[in-house]
Amino acid sequence: ADDALIALDTFSDRTAGLMHPSLRLGVTGLSRAGKTVFISSLVHNLLNGGRLPVFEAVRSGRVSKIRLAPQPDDAVPRFQYEDHIAALVRDRIWPDSTRAISQIRLTLDYESASGWGRMFSRGELSIDIVDYPGEWLLDLPLLSQDFRAFSAQTWERAEKGVRAELSRDWRDRAKAAALSGPAEELTARALAESFTTYLRACRSDERALSILPPGRFLMPGDLEGSPALTFSPLPLPPEGRAEPGSLWAMMERRYEAYKTHVVKPFFREHFARIDRQIVLIDALTAINRGAEAVADLEEALAEVLACFRPGLNSFLSSFLTRRIDKVLIAATKADHLHHESHDRLERITARLVQRAADRIGMAGAGLEVMALAAVRATREATVEEGGAKLPVIVGVPMSGETIDGQVFDGKRRTAIFPGDLPANPDLLFMPVDAGRPAELPLNFVRFRPPEIEETGGGLKLSVPHIRLDRAMQFLFGDRLA
Ligand code: GDP
């Protein structure tokens, strides 16, 4: 009887899909990549008649109405669009970032442009935007790793480069915890906390390292403090099996519980239902931090991309019946650069994506790459300096930001010369002695969100952006044809 019920469910899902087509758009990226800002601006621009010349269905006037509609999944939190937009537009502060999964539904009424469609020329498309932390995707490799392999890999990584210093405290504690000693909750908690502190330090603004499973340690969602999250990798015990009742055995059990109760359900219940995906990456921050951060981002991207080729993973291919048919990798925050550098950012990102795809033996085909700014916080100008004209960007740097010792107060408009990205993207991936610039001449400050102009009637215009319309056209333009 259960089977019949399920069959009926799928059937009604399908018939609902026929009468009321919908598209599930996943939006992901590591924390601070710009997911919240992207979704808020996309929805705002669609609802408020934003300037979207490349989004054909809107430009040609075929979309007659766009509205927010109740989402189909009652058990998933709603994306708090209204709060985020109030922060961005009214208060001119950046909204709270993504901490867990959420969704929001947009419904578009449109007229079909295709000859065939003219017979039924009116259409309706619902777009379910699903926002989730990219950290959760980095957990996929754990499914094919036992606790021993996970511990060994994490330990090895923690001893390298800048991580060695950041992980020292955790490693000292883990070594000191008697491995075959009894399983004590307090020891487990102290180790889990110290491990999480290390992961957080890697993610801090100065380091900007990316690759940090288990994903929920940084983005716990509603699982904070649960036993499935209170574990830590350990130094390998001497040969042989760990004693039952030992700390090792306890950690091992919790690690397995994490995989069973946290990782698998996410992939099965949420990831499996996505049709199209945008992955946001903060390539600029990584470039600005240097070679280690870029290499790390590349590695993280490889693991993210592997999720979109289920053939590469037996767990995924065991239940994925349909396939995500379009994936867009977008470098965000392009408004930190003068437009002359936007194409350079795009080329560097394409190179990064290609390298990441190569790592996992995946053809880069089918992946689209763009550089965009969901919210353009700056304008462009030129200033004269010593007879030369310099391209600059003008915006209000956030309070506390500094350049060359100058501290900003968050109130004054300031012109900043952002510097140039290298024209040849390969330079960034070479060792310094082979041509990689030891330091890039980039000036990055975080800007406040822009002031939004008002029309005569006191109505706010839509949020300014860079190439957001191109992303829309790629992600769902064909579904409005
Ligand atoms: P999330 O963690 O992926 O949800 O990241 P957010 O969307 O909260 O973005 C993190 C931060 O990046 C924001 O608070 C902004 O400071 C910055 N940011 C994101 N998108 C943009 C953008 O398009 N332009 C600019 N200038 N800053 C952005």
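Start by selecting helix α2 (residues 35–47) and helix α13 (residues 468–476). Their axes come within 11 Å and cross at roughly 90 degrees. Axes here are lines fitted to C-alpha atoms, for helices over the stretch in contact, and angles run from 0 to 180 degrees between N-to-C directions. The two helices are therefore roughly perpendicular to each other (angles of 65 to 115 degrees get that label, under 35 is roughly parallel, over 145 roughly antiparallel, and the rest oblique). Helices (H or I, at least four residues) and strands (E, at least two) are DSSP runs, numbered from the N terminus.

A word on what you're viewing: this is a predicted model, where local features need pLDDT of at least 70, side-chain atom pairs count only at pLDDT 80 or more, and totals for chains, interfaces and linings use all residues. Residues are numbered from 1 along each chain as its sequence is written, and side-chain values use heavy atoms, with hydrogens and water left out.

Now show the side chains. Which residues of α2 meet α13? Look for F38, S41, L42, N45 and L46, which meet L468, M472 and F476 in α13; contact means heavy atoms within 4.5 Å. Sorted by class, this contact has 6 nonpolar, 2 polar and no charged residues. (Ala, Val, Leu, Ile, Met, Phe, Trp, Tyr, Cys and Pro count as nonpolar, Asp, Glu, Lys and Arg as charged, and the others, Gly among them, as polar.)

On the α2 side, pick T36, S40, V43, H44 and L47; on the α4 side, pick Y81, H84, I85, L88 and V89. This contact has 6 nonpolar, 4 polar and no charged residues.

Next, the strands. Select the open sheet of 7 strands, ordered β2-β3-β4-β1-β5-β6-β7, with mixed pairing (two strands pair if DSSP finds at least two bridges between them). Its edge strands, β2 (63–69) and β7 (367–371), each pair on one side only. From one strand to the next, the twist averages 20 degrees. Zoom in on β5 (residues 276–281) and β6 (residues 326–331): they run parallel and are joined by 6 bridges. R276 has K326 in β6 as its bridge partner.

What is the bridge partner of A381 in β9? Click V392.

Finally, zoom out and color domain 1 (2–132 + 270–375 + 466–480) and domain 2 (141–263); such bounds come from an automatic or database domain assignment. Their C-alpha centres lie 32 Å apart, and the contact takes 15 residues from domain 1 and 18 residues from domain 2. Together the domains bury about 1400 Å², 54% of it on carbon and sulfur atoms (buried area is the accessible area, with a 1.4 Å probe, that two parts lose on being put together, summed over both). Last stop: R99, E292 and D296, which supply 34% of the area that domain 1 buries against domain 2, more than any other three residues.
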